[in-house]
Amino acid sequence: MSQPRVLVIGGGLAGLSATMRLAELGIGVDLVSLVPVKRSHSVCAQGGINSVNSLTRQQGDSEWKHFDDTVYGGDFLQHQPPVKEMAEWGPRIIDLMDRLGVPFNRTPEGFRDQRRFGGTLYKRTAFAGATTGQQLLYALDEQVRRYEVEGKVKKWEFWDFLEPVLDESGRCRGAICQDLVTMQFRAFPADAVILASGGCGLLYGRSTMSMVCTGSAVSRAYQSGAAYGNGEFIQVHPTAIPGADKLRLMSESARGEGGRVWVPRIPQDSRDPRQIPEAERCYFLEERYPKYGNLVPRDIATREIFDICTNEGLSVEKDRLCVYLDLTHLSRETLDRKLGGILEIYEKFQGVDPRSVPMKIFPAVHYSMGGLWVDYERSGSGGMVEGSPRNHQTTIPGLYAIGECDYQYHGANRLGANSLLSCIFSGLFVAPSVISSFDLARGWGGGGHSGQVFERATGRQEERHESFLSRRGGRENPYSLHGELGDIMTRAATVVRRNDQLRKAYDDVCRLEERWRECSLSDTGNWTNQNVVFTKSLGDMFPIAKVILKGALLRDECRGAHYKPEFAMPGIAATSPDEQRREAEAWCDRFERNTAKWLKSSIAKVGPDGHPEISYEDVDSSLIPPRPRLYGLVGAELIEEVWKERQAARTPASAEAAGRQPMTVGAG
Amino acid sequence: MIRAVETDVAATDADSSVAVKTIRVRVLRQDAPGRESYWERHDVPYEPNMNIISVLQKIAAKATSADGRAVPPVAWDCSCLEEVCGSCTMLVNGRTRMACSALVDKLLVENADEIVIEPMTKFPVVRDLVVDRRRLFRSLERVKAWVPVDGSYDQGPGPRISPKEQEDAYPLSTCISCGCCLEACPQFTKIEVIRRDDESQEEFDARRKAAFDKGFLGAHAISQAMLFNAHPTGGMIADERLKAVTSQGGIQMCGNAQNCVAVCPKQIPLTRSIARAGRAATLWAIKRLFDR
Ligand SMILES: Cc1cc2nc3c(=O)[nH]c(=O)nc-3n(C[C@H](O)[C@H](O)[C@H](O)COP(=O)(O)OP(=O)(O)OC[C@H]3O[C@@H](n4cnc5c(N)ncnc54)[C@H](O)[C@@H]3O)c2cc1C
Ligand code: SF4
Ligand code: SF4
Ligand code: FES
């Protein structure tokens, strides 16, 4: 290969921004995607994208505060330098997207308008109508189309990435992909491969994610030896519309505008909800959290809704878990003005008008904070060294990961509107890093052995493919197995996690994987065979499901989206001031012990027997010392007071900590 | 649009009050390009709140036709399931629409006897309901549907834009490239190019592109041309877009039948874009006359 070429897998926000940057820097790009890139899942994001801006700056905001909010929101489980770098790039990224023509909403004077999102005090979120993700994706898609016309980018749409190809030294030299129309295999030699394949919501059966979010590409990299970080952290959104095919997001703003969440006191009361008198309704959020009411933080709302349905049996319906989200007490005019767009979604897909009938909603899996482990090089100022070949490289040299499929930016919990930023940022930032890696990759490919490596890999994939097609008389149906996997994962590894359930779920998933080997296909042809493509990707869900379950089982604490009641740290129960003080001290002691033990990312590598082997990686929290998240806790003020006293007493020590070098797993 | 059929809540929410227990579905299938198409019947158990995607999912899982034969699952495209990715366009009961937002309860009100599902007719069938819509994206290349920025390095913010301009641009920018407008357009006719045995992939791609470039651009692309011409930076190559819009396969082919605007799932004001393009093209032609 004389001209350097990079293979990018996935054309969502992350893959497209990397492609655009690489093409601009003169690198040829092959861009592979399951669907036309313009149809990638990023198109679904509605809310917006975060960044400090000149307005918030004048209200006291700064890049540092955005960085701090992200780290605090993520319960400190992320290396801080990459997050700091991202927050600093935020303003530039919004400016760039603005120049690319994204129709951001405007102020009367013609500046970009901003709204406020969860987890911050500032109006940091730029938005374009109710379809920000779509608008950002289209702007990048248009630039990449322009490079395509110039011959700098070649798109391979309706292609499936099957495996990275590694040379004898373990460096990634390209990949094998399959054409989803002709079912032909093709080897893509490349100087580097970038995975930008998005989330893995389909592991949970139905989620708020698109049908292409199978996690298959990531799983294939993991099975080839790449490490997977923080798998157990899966964000569940409190309010989604349960559908037979998908759980569609219902924005938080419905509660923000006064929506009330309730269930009938009589289990599965069959009356029309409008006929159920007030006294026979249980407004459980308002009852349990009089101070915050329906606007409790996301994770609490999620847990309470889940609890009232599963543990108290008060789901509105018998066969389907859901609660009412009621807006009918608000005037039609207000609703149309403030919530028009999102109410139309409900109406369109449920065929029911939420202005006159309470909506039925339930929490749904929404985002994966975990993903492929990636490296970074820390700069002297505590950010990332631009252009370092280590940035975003997985444990396989030459294989990079960006966007939702890496584990880098969101720790234990992602803040709203931060993902679109991390996707575009990592895409732009990875390009020069990949280019510097070419030097390290020299000295291979000239000899005949390079061809052999690709031939062997292609042969392996062809054989695997044939074995699916020729398998006869199997008893199992891949679609129903997928349903079962979704049920197991949703029950054990979402909102509330218990060790006995996780252990059982792990065994169940292993059994399911065995049964998957017995799948027989109803389509054995070799033309647009969606049946075999789905069956393969189902098989690749099990390894990641096991990573999630094992990571969750081992993590005996509560952090961000990972909640185990057994290890929860309740607030203060005592009434006498002395007792209260003692409890607050004890709380802080326990918090410190827990931080020492668990402020670590889980790193999974596939073991020789196919089971994940999990180790832990220290987190570089040298810039902002970890502090407790106390939102909604009884006695929070007192605990905070004690905490601050301790911090003040310890200042010299934390200054010393700031000079510490980052610790990363050995694989570099 | 949504309120056209005011289905009673009780009827959609409670299984018992709906008479149908089995939905009869007829699907027009085709095994590969160039093959004969054929009808196949499927019975799908009724559930409340289904859409056409969940019907197709059930058909795929069962893989047995209504007369009890084991059949390969029907192939179709979908992804977002919330009418924003543009994947799942097909004809349902004869009308071009998005399968994910086509609700069974409403379709049964239209016709309780059966639901008929067919692939789009203006694009080559790949298999069953999957069609090849690359021509639609080629039209976007033809009209240079992008802002010609210098590059992605930091150059400060984009141009100031008034709320009015944003409100005009935003709806046009929500086009999901579904192709409904093309399916409904009498001027947009199918172009199917089959690869010859003696032809390389590159030769075939070039020949196909040339064939596309003779055909009508389509309402979606004309509308995108207007979107970018109205943008302060995009407008810097307005002439190039107008040239594309007035060349072979351009706006002169549009018969103003307005079918396109009636079927667009995003209610994009296509006829307004077409009218604007027509006016701009005329002015541009006059200007060129004087510039000569
Ligand atoms: C309903 C919803 C609303 C959201 N709203 C917001 C929001 O308001 N703000 C925010 O910041 N975040 C939001 N998010 C999160 C955000 O949308 C995603 O995290 C982000 O878009 C992911 O982008 P990506 O580029 O990493 O991947 P994606 O956009 O998912 O793209 C993945 C790409 O990889 C390709 N691919 C996958 N597997 C393979 C394979 N095996 N072979 C070949 N190609 C493959 C796909 O075809 C696709 O092109 C939302 C998420 C959801 C579900
Ligand atoms: S108005 Fe023009 S583009 Fe629209 S359907 Fe009619 S002929 Fe086609
Ligand atoms: S203009 Fe409307 S109908 Fe045409 S492709 Fe776009 S969204 Fe679809
Ligand atoms: S599946 Fe995306 S539009 Fe229907």
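This is a predicted model: local features need pLDDT of at least 70, side-chain atom pairs count only at pLDDT 80 or more; totals for chains, interfaces and linings use all residues.

Trainee: Which core residues have the most contacts inside the largest nonpolar core?

Mentor: They are A:Met97, A:Ile194 and B:Ile52, in a core of 142 residues. Helix α11 of chain A, residues 419-441, gives the most to this core, with 11 residues. As a general point, nonpolar side chains tend to be buried together in soluble globular proteins.

Trainee: And which residues does the second core include?

Mentor: That one is separate and has 107 residues, including A:Ala221, A:Tyr228, A:Ile396 and A:Val547.

Trainee: OK, on to sheets. What is the strand order in the open sheet of 5 strands in chain A?

Mentor: The order is β6-β2-β1-β10-β19, with parallel pairing. The edges are β6 (153-157) and β19 (399-401) of chain A; each has a single partner strand, so one side of each is left without a neighbour in the sheet. From one strand to the next, the twist averages 20 degrees.

Trainee: How many bridges are there between β1 and β2 of chain A?

Mentor: There are 5 bridges, in the parallel sense, between β1 (residues 5-9) and β2 (residues 28-33) of chain A. A:Val8, for example, has A:Leu31 in β2(A) as its bridge partner.

Trainee: Which strands does helix α1 of chain A touch?

Mentor: Helix α1 (residues 13-24) of chain A packs on the sheet and touches β1, β2, β6 and β10 (192-195) of chain A. The direction of α1 makes about 165 degrees with that of β2(A). Helix α5 (residues 132-149) of chain A lies across β2 and β6 of chain A, and runs at about 115 degrees to β6(A).

Trainee: I noticed A:Gln135 there. Is A:Gln135 buried or exposed?

Mentor: A:Gln135, which is found in helix α5 of chain A, has a relative accessible area of 1%, so A:Gln135 is buried. Not counting residues up to four places away in sequence, A:Gln135 touches A:Val102, A:Pro103 and A:Ala128, along with B:Tyr170, B:Ser173 and B:Thr174.

Trainee: What about the open sheet of 4 strands?

Mentor: In chain A, these strands run in the order β18-β11-β20-β21, and the pairing is antiparallel. At the edges stand β18 (371-372) and β21 (612-618) of chain A, each with a single partner strand, so one side of each is left without a neighbour in the sheet. Inside the sheet, β11 (residues 228-229) and β20 (residues 600-606) of chain A pair over 2 bridges. A:Tyr228 stands opposite A:Ala604 in β20(A), and A:Tyr228 also belongs to the second core.

Trainee: Switching to chain B: which residues of β3 are on each side?

Mentor: On one side are B:Thr89 and B:Leu91, and on the other are B:Met90 and B:Val92; these are all buried, and both faces of β3 (residues 89-92) of chain B are covered. In a regular strand the side chains alternate between the two faces of the sheet.

Trainee: Which residues stand opposite B:Val92?

Mentor: B:Val92 stands opposite B:Arg95 in β4(B) and opposite B:Ile117 in β5(B). The pairing of β3(B) with β4 (residues 95-98) of chain B is antiparallel over 4 bridges, while 2 bridges join β3(B) to β5 (residues 115-118) of chain B, also antiparallel.

Trainee: What is the phi of B:Asn93?

Mentor: B:Asn93 has a positive phi of about 50 degrees although it is not a glycine. B:Asn93 sits in the hairpin of β3(B) and β4(B), which has 2 residues between the strands, and is partly exposed at a relative accessible area of 23%. A:Thr528 has a positive phi too, near 45 degrees. A:Thr528 lies in the loop between α14 (499-516) and α15 (530-539) of chain A and counts as buried at 5% relative accessibility.

Trainee: Last topic, the ligands. How many residues surround ligand 2?

Mentor: There are 13, and the closest are B:Cys185, B:Cys254, B:Ala257, B:Gln258 and B:Cys260. That shell has 8 nonpolar, 5 polar and no charged residues.

Trainee: And what classes are in the shell around ligand 3?

Mentor: The shell around ligand 3 has 9 nonpolar, 3 polar and no charged residues. Among them are B:Cys175, B:Cys178, B:His220, B:Pro265 and B:Leu270.

Definitions and conventions. Residues are numbered from 1 along each chain as its sequence is written. Chains are lettered from A and ligands numbered from 1 in the order in which they are written. Side-chain values use heavy atoms; hydrogens and water are left out. A residue is near a molecule or strand if one of its heavy atoms lies within 4 Å of it. Ala, Val, Leu, Ile, Met, Phe, Trp, Tyr, Cys and Pro count as nonpolar, Asp, Glu, Lys and Arg as charged, and the others, Gly among them, as polar. Two strands pair if DSSP finds at least two bridges between them. Axes are lines fitted to C-alpha atoms, for helices over the stretch in contact, and angles run from 0 to 180 degrees between N-to-C directions. Contact means heavy atoms within 4.5 Å. A nonpolar core is a set of buried Ala, Val, Leu, Ile, Met, Phe, Trp, Tyr and Cys residues joined through side-chain atoms within 4.5 Å. Buried means under 20% relative accessible area, exposed over 50%, partly exposed in between (1.4 Å probe, protein chains only).
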